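Subject: Handover of a structure and its findings

Dear colleague,

Please find below the structure that I am handing over to you.

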Amino acid sequence: MPPSQVLGGASLDPAVLGPVILAAAAYLTGARRLGRRGRGWPCRRTVAFLAGLGVLAVASQSGIDRWSERLLSVHMVAHLLIIGPGALLLVAGAPVTLALRTLAGGARRGLVGLLHTRAVRVLTHPAVTLSLFSAVLLATHVPVVYDAALRDPVLHAVEHAAYLWAALLFWAPVAAVDPVPHRLSPVGAIGYLLVAMIPMSAVGAALISTDSVAYSAYLAPARSLGVSALADQRTGATVMWLGGSLVLIAATLLAAWTALLREERRARAREAQADRRLTAAAAAAAAARGGPR
């Protein structure tokens with residue numbers, strides 16, 4: 001299927017497009033408000049957040065969404081866009097930090113109080129976010145659940161919302177740009193991301209190794225397009241397995257690089273502190289001898 005054909009034929013859904021536009025407007029309003037106060041907001045954060053919204057719009061409003069009801073491979077692309085770059089870019093935009101800096105009075109106190117509730121502490125714990133992400137990924141690919149979501153638009157929308165929120169929670173402790181209760185160290189993030197590859201690989205492996213079509217809802221649409229549903233299923237499995245792994249590997253390498261840079265900065269700081277101590281000790285010794293001659 002040519003990419004131009006898949007991406008074309010956008011079907012705009014106000015129920016999805018409306019929240020995307022509102023989120024963009026609210027974010028830009030907050031960034032401008034900080035600018036007027038003389039407290040600039042990093043441009044890279046704004047670009048990341050808007051790019052994340054753009055990825056979600058492509059996944060849900062372009063032809064990808066329409067074709068995902070006919071071909072599993074396209075549906076897997078949509079899922080990967082949501083849980084990978086879409087959610088990660090939104091988190092990288094640090095929307096919670098922006099809200100804390102722009103809100104005032106009761107609204108700000110309410111947000112601060114929410115961040116310190118027990119529910120948020122539990123929900124943002126890395127063990128919980130990883131488990132939730134894995135559970136959503138595995139449960140939604142159970143054939144009965146998957147076929148039901150394809151046939152019911154409301155259930156399909158709930159499925160995509162579950163992907164997005166599970167992915168936002170999953171990436172939050174990795175990006176560590178918002179004041180969430182739990183943050184992973186770079187080394188912890190590496191282990192966290194490596195474990196996350198297991199459920200994604202499991203879905204891909206299960207779909208690529210079977211000799212039958214897992215989701216019966218794709219049989220008739222694929223046949224009408226002259227496509228083998230089983231071959232398309234294996235393509236979709238490859239997209240999820242390799243594509244998802246590449247996203248996580250890239251994030252893992254970034255976490256490793258961050259750890260190396262952080263350790264290098266710490267080493268330089270220790271060396272500079274040691275040099276200052278040696279200089280101070282030499283000066284003190286010289287002063288004790290009556291100063292330099």
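Is Thr97 buried or exposed? Please bear in mind that this is a predicted model. Thr97 has a relative accessible area of 13%, and it counts as buried because this value is under the cut-off of 20%. Thr97 belongs to helix α6, which covers residues 95-102. Its side chain makes a polar contact of 2.7 Å with the side chain of Asp178. Leaving aside residues up to four places away in sequence, Thr97 touches Trp41, Val177, Asp178 and Pro179.

I turn next to the nonpolar cores. The largest nonpolar core has 49 residues, of which Phe170, Trp171, Leu193 and Leu248 touch the most other members. At least two residues of this core come from each of α2 (14-36), α3 (43-61), α5, α9 (126-139), α10 (143-151), α11, α12 and α14. A second, separate core has five residues, among them Ile64, Trp67, Val74 and Ala78. To return to Trp171, its contacts include Ile83, Gly84, Ala87, Leu88 and Val91, as well as Leu193, Val247, Leu248 and Ala251, when residues up to four places away in sequence are not counted.

How many cavities of 30 Å³ or more does a search of the whole structure find? The search finds two. The largest cavity has a volume of about 50 Å³. Its lining consists of Arg70, Leu71, Leu72, Val213, Tyr215, Tyr218, Ala222, Ala229, Asp232 and Gln233. Helix α14 (residues 229-288) gives the largest share of that lining, with three residues. By class, the lining of the largest cavity has seven nonpolar residues, one polar and two charged.

The second largest cavity holds about 40 Å³ of space. It is lined by Leu80, Ile83, Gly84, Phe133, Phe170, Trp171, Met200, Gly244, Val247 and Leu248. Two or more of these lining residues come from each of α5 (72-92), α11 (153-175) and α14. The lining of the second largest cavity contains eight nonpolar and two polar residues, and no charged ones.

The elements α11, α12 (186-209) and α14 each give two or more residues to its lining. With seven residues, α14 supplies the largest share of the lining of the second largest pocket. The lining residues of this pocket divide into 13 nonpolar, two polar and two charged.

With kind regards

How values were computed
Residues numbered from 1 in each chain as written. Predicted model: local features only at pLDDT ≥ 70, side-chain atom pairs only at ≥ 80, totals over all residues. Heavy atoms only, no water. 1 Å grid on protein atoms, 1.4 Å probe; cavity = no way out; pocket = protein on both sides within 12 Å on 5 of 7 lines; lining within 4 Å. Points joined across faces, edges and corners; volume = space filled by probe spheres on them. Helix = DSSP H or I, 4+ residues; strand = E, 2+ residues; numbered from the N terminus. Nonpolar A, V, L, I, M, F, W, Y, C, P; charged D, E, K, R; others polar. Core = buried A, V, L, I, M, F, W, Y, C linked by side-chain atoms within 4.5 Å. Buried < 20%, exposed > 50% of the residue type's maximum accessible area, 1.4 Å probe, protein only. Contact = heavy atoms within 4.5 Å. Polar contact = N/O pair within 3.5 Å; in protein donor to acceptor, adjacent residues only side chain to side chain.
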